[in-house]
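Keep the structure open beside you as you read.

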Amino acid sequence: MSVHVTAPSHAQEQFLAPEKTRTLRIILSTIAWSLVALAAASVIIFFSLHILPGDPATLMGGFDATPEQVDLIRHQYGWDRPVIVQYVQWLGGALGGDLGVSPYSKNSVTSELVQKMQVTLPLAIFSLLLALAFALIVGVYAAVRSHTKMGHLISWLSQLGIAVPSFVVGMLLIMYVAAPFGLPFTGFPRAGWEAPQEAFRSLILPTITLAIPQGAMLTRFVRSAMLEQLNQDYVRTARAQGMGYMRTILTQALRNAWLPLLSVIALDAASLIMGTVVVEQVFALPGIGQHLVASVTKRDIVMVQGFLMVLSSLVILIMLLSNLASRLLDPRIRVAT
């Protein structure tokens, strides 16, 4: 049997044209503001590092360096040029994928970043997935049982999870979980992900450490979003039409609760990237956080500004995708734009 597809009429095309234009305007404006934020981040990162006290050329030369030797080091790395010229050259290189070379290790910032990302990025992703899975299960249950003792207990425990610093959680896990279960609590295998089992085991405790406070925070947001949806008329209508309670929650309320949660999840993902700095110190992981702290200590400006620029770009990209998803999926925001 043949199926006849009717082409859209002229009236339908006239109706769809403004919607397409509005959608394109939303995408372009969101991308434009993200580029502005990225440019502002580059200015703040570069100039804030260059106004810090201390001369990297003097530190590299050591206490015995003569003024002539210090001037030679400064000239060798272009630090004697005007700051504006240095910024333009650095920005041009960054746009081309060249973040510079560390004057200390002589290694490319990009190569160091790629190597450290192999630890930090999986850690952040695993932590986000674990925190999100925990928050969806516990948050929905806490919303459904909001007036019971268990609902109040979950609410109190989530507040406690948010309040406890991640380094305290990490130390407690090292003392009371690592030894009984035989889990590694320091370092990362030299072979990296070429030894996947050892690499994964080394990230178990750091992942849980990051996921606990993030999961507690997400649980509260999931609970609040679900409580708001459960009080809507469409839930009562679905129940009156004979739909089961759990089916109503999972197919109706939870689906509509996703939109307000998108921005929260994006913020959580961004904070996880930055939060790895502390956790990598606790578990001695050779990731971005540990390397960034070491670079700040010896005032390796080239390495620090390259790492910070990439981290800022990741955060801005995450927020860009979140804003686009929220504005395109929510018709109320799309119409108001």
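## How pockets are found

A search runs on a 1 Å grid over the protein atoms alone: a cavity is a set of points where a 1.4 Å probe fits but cannot get out, while a pocket is an open set with protein on both sides within 12 Å along at least five of seven lines. Lining residues have an atom within 4 Å of a point. Grid points are joined across faces, edges and corners, and a volume is the space filled by probe spheres set on the points.

This is a predicted model, where local features need pLDDT of at least 70 and side-chain atom pairs count only at pLDDT 80 or more, while totals for chains, interfaces and linings use all residues. Residues are numbered from 1 along each chain as its sequence is written, and side-chain values use heavy atoms, with hydrogens and water left out.

## The largest pocket

The volume of the largest pocket is about 580 Å³. Its lining has 24 residues, and Y77, G78, W79, Q86 and V302 lie nearest the centre.

Which helices supply at least two residues each to this lining? They are α1 (10-50), α3 (67-76), α4 (83-95) and α13 (301-329); helices (H or I, at least four residues) are DSSP runs, numbered from the N terminus. The most comes from α4, with five residues. By class, ten lining residues are nonpolar, nine polar and five charged. Here Ala, Val, Leu, Ile, Met, Phe, Trp, Tyr, Cys and Pro count as nonpolar, Asp, Glu, Lys and Arg as charged, and the others, Gly among them, as polar.

## The second largest pocket

The second largest pocket has a volume of about 310 Å³. It is lined by 17 residues, with F134, L157, G161, I212 and A216 closest to its centre. Two or more lining residues come from each of α5 (109-144), α6 (149-163) and α9 (204-230).

With six residues, α9 gives the most to this lining. The classes here are 13 nonpolar, four polar and no charged residues.

## One side of α12

In α12 (residues 288-297), the residues I288, G289, H291, L292 and S295 are buried, meaning under 20% relative accessible area with a 1.4 Å probe, protein chains only. They lie on the same side of α12 because they cover an arc of only 165° around the axis, taken from the directions from the helix axis to the C-beta atoms. After α12 comes R299, with a positive phi near 55°.

## T30 in α1

T30 sits in helix α1. Is this residue buried or exposed? T30 is buried, with a relative accessible area of 5%. Leaving aside neighbours within four places in sequence, T30 is in contact (heavy atoms within 4.5 Å) with L320, N323, L324 and R327.

Technical notes
Buried < 20%, exposed > 50% of the residue type's maximum accessible area, 1.4 Å probe, protein only.
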